[in-house]
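Please walk through this structure with me, from helix packing to the chain interface and on to a few local details.

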Amino acid sequence: MSQVTQPSLSRETHRPKTNWKTYLKRYWTLYLLLALPIAFFVVFRYIPMAYILMAFKKNNIIQPPWFVPWAKNNGFEWFIKAFKDKLFLRSLENTIKLNLLDLVCGFPAPILMALVLNELAFKRFKRFTQTVLYLPHFLSWIIISSLALRLLADNDGLINILYKQMSGNNDAVIPFLSNPDWWVGTYIGLGIWKEAGWGTIIYLAALTSISPELYEAAAVDGAGRFRRIWHVTLPGLRPTIVVLLIMRLGYILGSEFDRPLALSNKLVTDVSTVISIYVYQKGINGGGQFSLTTAVGLFQSVVGVLFLFGANFLAKRFGERGIM
Amino acid sequence: MKRILALVLALAMLATLGITSAFAADDGFVDGKFTETRHITVRLFQRGDNVPETSPFADYIRNGMLEKYNVEVEFAVGGRWTEPEDLGNLLAAQSAPDICYTYSYSTILNYADMGGIIDLAPYIEEYKGLLPNLFSLLGEENVYWDKDPETGKLWALETRLVNNARINTFIRKDWLDKLGMALPTTKAEFEACLIAFRDNAELLLGEDANKMVPYSTSQDIGWRNNILTVSFVPDDITDEELYIRGFDDRQQFLPGAKEAMRLLNKWYNEGLVWKDFALYGSGDTTEDDNLKAGFVGAFQHNYDYPYRNGDDSISANLKRNVGEDAEFVAVDCFENDAGVYRKYLGSTVDRKVCFPSTNDEILASLLYLDFISSPDTILALQTGTEGINHERAENGAYIMKAVDSADPNYQASLNNIDFTMTCNGQYLGEYTEVSFAYGYSPVDPAVVQNAYVVAMNGGRVPAHFILPAIEAEVGIGTTLSDERDSFLNKAVTAPVEEFDAVYDAGVENYMAIGGQAIMDERAEKIQAATGYVFEK
C-alpha cells in the first residue's frame, strides 16, 4: 500500500501492480471531473476532424463527406489546385513573411520589457507602468484598426496632419497604411504595441522564481546591473523563453484572422492577404469552395505540427526540457 | 483504438444523416386554400438596426397569407450587406429559409451543384395556373431567364427590376453658381469644374479649405466611376462582346476601360480625387460624412444616392450643414466616341429567388411568391398607411413622407424592396409615373425627377443570351471582384508614370486567376449558340 501512496521515481518496480484500473478505482472522482472537458474535446475537436475527409472529396458541403465521390488526382485535386493558385502562393508567402517578422521583432519585445520593468526601483511606478502596458491587450483589432485609420491615414490622419503642418509641405505624407512596405511596419508595430505588455506577465512571473541569493552573490562578485541581467536574469528566464519560442514556431504557418482583416485595405492586399484571409474569402465569404479551403487548412496544420516537433527536438538537443 | 475510431465515425455519420428532406404532396390544397395550416420561412433583409419582422408590413404579409392560403409565414432576418455570404453559410448549414433571395446567382449555382437547391422547372409547370400574379409581374422572360437550355434545370427565378436606372454623376450646383460656372456638359468641362473647386477651396470652404475634395470616390472604383468608364467604351461594341467581357458588372474589362482609369489616375495625382478613398472598406461612412458635411464637389454613385433615406439623406444633411441652396444635382457630361452620354442600364432582372432543398412546402412557397407579386400587395407594401407613410396629391400621386427610423412604419429600403421580394422599384400601376419624384421626401421632387431623366438618357440595356451555365463562373465571383478592386485601387493611386505597369499587371493577374477562363467559356458558348466569333 505504502508503495502506491508514495510512488517512487523508479517505474519498473511498480508497473505490474498499478495498472490504469487501480488508478481509476482510487481516483474515480478526479476522472469524473475530467470527463466533461474530455467530452468537450471529443465532441468539438475530434469528431469534427472526420470532416478533414472533405479535403480529398469533391466540393460538397450539403452531403456528409463519406458519401461524396473522391476528388480528381487520387483525391489530391484540391492540394494541387491550391499550389497552382497564385493567390494561395501569395498568401502563403505573406503568412510566412509576416509571422517571421512578428517573431523577430515581436518575440523579444516582451522579454526586453520585462527586464526593464524588473529593474524599476519604485514599486508604484512599476505597477502603474505594467497596467498601462497591459491595457492595449484588451482592445480588439477592430477598435485598433479604426484608431489606426484616424491616426495614420494619409490625408485625414492626425499624425500626417501634424507632419504636414510641421514640414510646411502639404504633399509630404507618411504612407503608414497605403504603401505596402510601410503597412508591414505598421502591422508589426501595432502588434507589438498591443501584445508586448501582456506578454511580459509570464516573464515577470518567471523572474520571481529566480533566487535573490544569486543576485546577491553576483553583486558580491562585483557584477554591475547589466552583468547581473546577463548572467543571472536571462539564464533564469531561459526555460520560459524556450517553451514560448517552441509554441510560437508551431504557429509559423498559422495566421491571425481579425488582425490582417481589420488592418488591411485594397492598396496593400499584395502583402496583407494571409492564409486565414484566403480561406475566409474562398470558403465562407461567398466563395463556397469548402474542399479547397479544408485542404489548405490541413496543409497549414500539418506544417504547424512539423514545426512544433522540429523546434521541440532542437530545444532538447540544446539541453532544454522542451514541451513534450 | 481502431474500434473506438470506427465507433466515433459511425456515430458522427448517424448524426449527420438525421435530417433528410421529404417531398410534400399537395393533397391538402382544396379550392385555392390549404385545409391545414402550413408553415414557411422567408428570408428578409435587414438594414441598420430596425426590426423589420415586427413592422406593419410584415404583419400585412403574415395576415394576408394566413387568410388567403392558410399559410403561416415566419421571417428569417439577415443583414443586407453580407447577404450572399450569409446565404452561402445558411445553405451550407442546411438551415436556409424556405424562400431565399439574393443578388448572387453564382452562389445559387454553387449550391445547386452540390444538390442544395430545388430545380423549380417541374413545379413551375405544374402550378403555373395558380401563379397568375407571379407570371404577370415577372413575365415569361424573367421566369425562364436562368433556365439551362441543355439540362432544362431552373435553379432560380429572376425577379423584376421595374426601374433600371443605375448610376449618375452628381455635382454641387451651388458651388458652380458661386464660381460663376455653368453645369458641365463634356468631360473637359467637368475636369475644369474639379480644378476650379480645388483652386478655390478657400472661397468655397473657408477655414475648412484643407478638407476640400473636388471629386470623391470609394474603393469600389468600378461602380463609383462607372459613367466615366463607359464613356471610353466604343459606342459600336456588340451585344455579344458586351456579354463575353461582361462578367464583371462594373464594366471594367471592356475596351477603353483602361483609358478611363488613366484619366482618374491623372486626376488623383493632380489632387482632384479624395486622397484617402482606398483606406476605407465598404460600408464605412467616412465618405458619406464628407458628402453630408459639404466638403465634396462631385461624385458618381447610384442614380438617386444623395436623395435616399429621407431626413438622413445626404441632400437633407447638406442643407442643414451648409445652407438651403446647397444641392447635388445630376449632370450628363461624359460623352463617348459617338457623342452619346452612354450608360449601361440594368436589364429587367434584379434579385434571384431560390428554394433550398430543405424546403418541403414548395406549393405554399410558390403561392407566397404569387401573393407578394400581386399589385395590391406591392401597392400596400410600397406606400404604407395614408397619413403616416404617404399623402395623396390631387392627381392621385402618392407623396411619400419622411418617417423616423425608430418608427415601426419606417421603410428601411427604398420602396420597401426588402419586403417586395419579386419587385424592385416603384410599381403603383397608373400612379407610378406621377408618384416617382415624391418618393424622396423631403428632397425637392424636381431634383429627383432630373436625376431619373439624366440616368436614363443614353441608356443601353445589354442583351440577354440564353446559354448553358458557365462552369468557370461558379464560386469565383467574390474572389474576382476583390482582385479587381484591389488592382484598380493600386493603379489609380500610383504615380502617373507607373500607371501602365500597375494596371497591366493587375489585369494579367485577374485574367490568370479566373477572368480569362470565364471569357473563353462565354465566347465558346455564345459561338455555339449564335455563331458569333469573338476576336480579342
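Contact here means heavy atoms within 4.5 Å. Helices (H or I, at least four residues) and strands (E, at least two) are DSSP runs, numbered from the N terminus. This is a predicted model, in which local features need pLDDT of at least 70, side-chain atom pairs count only at pLDDT 80 or more, and totals for chains, interfaces and linings use all residues. Residues are numbered from 1 along each chain as its sequence is written, chains are lettered from A and ligands numbered from 1 in the order in which they are written, and side-chain values use heavy atoms, with hydrogens and water left out.

Start in chain A. Which residues of helix 7 meet helix 10? They are A:Gln130, A:Leu133 and A:Tyr134. Their partners in helix 10 of chain A are A:Gly197, A:Trp198, A:Thr200, A:Ile201 and A:Leu204. By class, this contact has 5 nonpolar, 3 polar and no charged residues. Helix 7 (residues 123-134) and helix 10 (residues 180-208) of chain A pack at about 130 degrees, with axes 7 Å apart. Axes are lines fitted to C-alpha atoms, for helices over the stretch in contact, and angles run from 0 to 180 degrees between N-to-C directions. Helix 7 and helix 10 of chain A are therefore oblique to each other. The cut-offs are under 35 degrees for roughly parallel, over 145 for roughly antiparallel, 65 to 115 for roughly perpendicular, and oblique for the rest.

Chain B has a helix pair too. Helix 16 (residues 362-373) and helix 17 (residues 375-383) of chain B pack at about 65 degrees, their axes 5 Å apart. B:Phe371, B:Ile372 and B:Ser373 of helix 16 meet B:Pro375, B:Thr377, B:Ile378 and B:Leu381 of helix 17. That contact divides into 5 nonpolar, 2 polar and no charged residues.

Now bring the chains together. In chain A, 38 residues are in contact with 39 residues of chain B. The two chains bury about 3300 Å² between them, 56% of it on carbon and sulfur atoms. Buried area is the accessible area (1.4 Å probe) that two parts lose on being put together, summed over both. A:Ile62, A:Lys266 and A:Leu267 supply 22% of the area that chain A buries against chain B, more than any other three residues.

A salt bridge is a side-chain nitrogen of Lys or Arg within 4 Å of a carboxyl oxygen of Asp or Glu. The interface of chain A and chain B has 3 by this rule. One joins the side chains of A:Lys266 and B:Asp482 (3.8 Å, N to O). Over all chains the count comes to 41. Within chain B, the side chains of B:Arg38 and B:Glu361 form a salt bridge at 3.0 Å, N to O. This pair links distant parts of the chain, 323 residues apart. B:Arg38 lies in strand 3 (residues 38-46) of chain B, and B:Glu361 in the loop between strand 12 (349-354) and helix 16.

Finish with the backbone. Most residues other than glycine have a negative phi, and most peptide bonds are trans. A:Asn73 has a positive phi of about 55 degrees although it is not a glycine. A cis peptide bond joins B:Ser441 and B:Pro442, with omega about 5 degrees.

Definitions and conventions. Nonpolar A, V, L, I, M, F, W, Y, C, P; charged D, E, K, R; others polar.
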